[in-house]
Amino acid sequence: MEVIETAIAGVLIVVPKVSGDARGFFLEMFQAARYAAGGVPGPFVQDNLSRSAHGVMRGLHLQNPNPQGKLVTVLRGRVLDVAVDVRRGSPTFGRHVAVELSEDDRRQLFVPRGFAHGFVVLSDSADFFYKCDAPYSPADEIVLRWNDPAIGIAWGVATPALSARDAAAPLLADIASRLPVWGEV
């Protein structure tokens, strides 16, 4: 596998080694020691799978004070996946990394603790798989407005399909006191 550093320290693109021929393909999606050596810490304690139609946007979400790191990939389809640094005091606070993930390239994105995360489906539908390093905690979940101009994400979809909660999410400036602190997550 290859690990590619992004513009924000800790956010990593993982390119797995895919072996294939006329019969199909094989790839190792996760191996704890190899991923840890590549900068993806563990352990992971929960796996999640979502299926979404074209134009569906999920996010931006994070948990605090019980944060989650995530290793995400697309099993079927294509998405634009986004990680936003929301750690108060971070030199990259409010900046984001946007990466297209698809069933064709099989890339993964590691989203560390202290980042908001979301994705939009670019294909007809997508199966989105992610490993979490902490359990889901509804009481700790924070949502952030997908189109906050202070963050400036170019999603490539003008009118995404959103949940009521995501559509009503506050701006980054309005939730600053609830965000994690850089160096503490």
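This is a predicted model: local features need pLDDT of at least 70, side-chain atom pairs count only at pLDDT 80 or more; totals for chains, interfaces and linings use all residues.
A residue is called buried here when its relative accessible area is under 20%, exposed when that value is over 50%, and partly exposed in between. With that cut-off in place, Arg-106 counts as buried, because its relative accessible area is 16%.

I turn now to the protein as a whole. It comprises two helices and 13 strands. The radius of gyration is 16 Å, close to the 16 Å that the globule rule gives for 185 residues, so the protein is as compact as a globular protein of that length. Taken along the principal axes, the box filled by the C-alpha atoms is roughly 55 × 35 × 30 Å. Of the 185 residues, 50% count as buried. The accessible surface comes to about 9000 Å², and carbon and sulfur atoms account for 53% of it. As for contacts between residues at least 6 apart in sequence, 78% of them join residues at least 24 apart.

Next, the aromatic residues. How many aromatic pairs does the structure hold? There are four. In one of them, Phe-30 and Phe-44, the ring centres are 5.4 Å apart and the planes stand at 85 degrees; an angle over 60 counts as edge-to-face, so this pair is edge-to-face. Phe-30 belongs to the loop between β4 (24-27) and α1 (32-37), and Phe-44 to the loop between α1 and β5 (46-53), so the pair ties together parts that are 14 residues apart in sequence. The two residues can also be described by accessibility: Phe-30 is partly exposed at 29%, whereas Phe-44 is buried at 15%. A further pair, Phe-128 with Tyr-130, is tilted, with 5.7 Å from centre to centre and 50 degrees between the planes. Both of these residues are buried.

Which residues does the one with omega near 10 degrees connect? That bond runs from Gly-59 to Leu-60, and Leu-60 is part of strand β6, residues 57-63. Another cis bond joins Asn-64 and Pro-65, with omega about 20 degrees; Pro-65 is in the loop between β6 and β7 (70-76).

I close with two individual positions. Gly-10 is located in the loop between β1 (2-5) and β2 (12-15), and is partly exposed at 36%. Setting aside residues up to four places away in sequence, Gly-10 touches Phe-110 and Pro-112. Leu-171 lies in the segment after α2, residues 164-167, and is likewise partly exposed, with a relative accessible area of 27%. Beyond its neighbours within four places in sequence, Leu-171 contacts Leu-144, Arg-145, Asp-148 and Pro-149. Its C-alpha atom is separated by 30 Å from that of Arg-107, a residue 64 places away along the chain.

How values were computed
Residues are numbered from 1 along each chain as its sequence is written. Side-chain values use heavy atoms; hydrogens and water are left out. Helices (H or I, at least four residues) and strands (E, at least two) are DSSP runs, numbered from the N terminus. The radius of gyration is taken over C-alpha atoms; the globule rule is 2.2 Å times the number of residues to the power 0.38. Buried means under 20% relative accessible area, exposed over 50%, partly exposed in between (1.4 Å probe, protein chains only). Contact means heavy atoms within 4.5 Å. Accessible areas come from the Shrake-Rupley method with a 1.4 Å probe; for residues, only the protein chains shown count as cover. Rings of Phe, Tyr and Trp (its six-membered ring) pair if their centres lie within 6.5 Å; planes under 30 degrees apart count as stacked, over 60 as edge-to-face and the rest as tilted.
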